[in-house]
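Please look over the sequence and the 3D structure shown here before reading the report.

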Amino acid sequence: MSLDMDSASSGVVTSKRSEAIIYALSKRLAVDPKYFVRESPLSCDFTNLVAKFFQSSAEDASSSKHQDEAMKWANFASNLSAQEDACHEALKDLNEELTQKSLLLGGLNPSVADIIVFSALHGLVSHLSIEEEEQYPNVIRWMDYIQNKEDFGGAFNMIAVKKLQFEHFGSVDMLPANQTNKKIVQSSKCVEKPDEKVNVNKELPEKKTSVADKASIDSTEVEGTGVKVTAELTKKNTQEKKKPSEESSERDTECPITILNLQVGVILKAWKHPSADSLLVEEIDLGDGNNRQVVSGLAKYYSPEDLTNRRVVLITNVKPGKLRDVMSSGLVLCASNKEHTAVEPLTPPEGAKIGESISFSGFEGKPEDVLNPKKKQLDKITPHLYTDDKGVATYKGIPFMTSSGPCTASLSNASIK
């Protein structure tokens, strides 16, 4: 395995790669591709492309802030070796770099560094075996996100990525056969049990004495007892049969997504928790003039500066409480990969108004004033929250919607909590 097949075709590959980068960057800045290169695309180098990109977007403070970091990744892409061992060493380093962040420069949107490194690695990653892909899960996750997020003008073929499958059992017919059979057997035993007891009671009147009157009285009493027992058994059996159905119904009606008050917020500032290294404290604006203080377990993944001015999705009706002696009045929803090596807050679209509620098509209802922790309502809802293969946040496949579109994350097929 090598980065660029044979030397005879290396010029074609390099030209194709440069053209893809120029196309993506030109589209990002809405400029003519000639802005980036006046000569043949083959003569473009990565550092030159990065410099021109930042020159054009110099008014963007957030982009300029990362210029040195982007140049580092441009050099990484330029220095990729064609030797197999060196290629794997580069992938190993990149996989480690992506362990605690979704993108090369952080944040939630791909940068010029992501575009260039993706283009440089595409030929290599697309030829990895399944066993080799398993050695670099963070790289594969990152490559899949970039190829679905950025437009390279059709220059690259899509890399096939194995993704997690989510199954939702809605009825007994969808359950595995062994579970269905078990339920049928148990149901049959429940039906037979009361019948056997009733038959025993029907035999009781045969126990008569030799005195006719006594026999009559005894017979009446026994028959009355039999009727009473039969009625009680029937009532009990009916209650037992109804109980699972009623509990199932309660689960469905108690915990629809609409009981949550989900709102768009923006983190005004964040700081380290005074007594817990894994926690951060955020002050979140919901547009109502009363900012919320929220404690989140994001210190491993983000610095306080990374979270400042970031838009988030906040559950605002959780019961307020202290986390390590610091009051928290909300829950920031985050996407997480299976290994929990990458975690990021859900991102509402830029046009969404601060404080507006998140809605779900087909689900209507009023949020509860305050969730009851004893009912474990969140525990019943969160298994149905996940991002789809495009990174759109969903509840049972229904997008988290705002007035300006769905909420998203850079992690696809990820759980949300």
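The report below treats a pair of packed helices and then the salt bridges.

## Basis of the report

This is a predicted model, in which local features need pLDDT of at least 70 and side-chain atom pairs count only at pLDDT 80 or more, while totals for chains, interfaces and linings use all residues. Residues are numbered from 1 along each chain as its sequence is written, and side-chain values use heavy atoms, with hydrogens and water left out.

## Two packed helices

Helix α5 (residues 84-97) packs against helix α6 (residues 112-125) at an angle of about 125°, and their axes lie 12 Å apart. This angle makes α5 oblique to α6, a term for angles that are not under 35 degrees (roughly parallel), over 145 (roughly antiparallel) or 65 to 115 (roughly perpendicular). The axes are lines fitted to C-alpha atoms, for helices over the stretch in contact, and the angles run from 0 to 180 degrees between N-to-C directions. Helices (H or I, at least four residues) and strands (E, at least two) are DSSP runs, numbered from the N terminus.

On the α5 side, the contact (heavy atoms within 4.5 Å) is made by Cys-87, Leu-91 and Leu-94, and on the α6 side by Val-117, Leu-121, Leu-124 and Val-125. Of the residues in this contact, seven are nonpolar, none is polar and none is charged, where Ala, Val, Leu, Ile, Met, Phe, Trp, Tyr, Cys and Pro count as nonpolar, Asp, Glu, Lys and Arg as charged, and the others, Gly among them, as polar.

## Salt bridges

The structure holds four salt bridges, each being a side-chain nitrogen of Lys or Arg within 4 Å of a carboxyl oxygen of Asp or Glu. One of them joins Lys-72 to Glu-69, with the closest N and O atoms 3.1 Å apart. Because Lys-72 and Glu-69 are three residues apart in helix α4 (residues 67-78), about one helical turn separates them. Lys-72 is partly exposed, at a relative accessible area of 39%, and Glu-69 is partly exposed as well, at 27%; buried means under 20%, exposed over 50% and partly exposed in between (1.4 Å probe, protein chains only).

Another salt bridge brings together the side chains of Glu-283 and Lys-269 (3.7 Å, N to O). Glu-283 lies in strand β2 (residues 280-285) and Lys-269 in strand β1 (residues 262-272), so the pair ties together parts that are 14 residues apart in sequence.

The side chains of Glu-350 and Arg-311 also meet in a salt bridge (3.9 Å, N to O). Glu-350 counts as exposed at 65% relative accessibility, whereas Arg-311 counts as buried at 18%.
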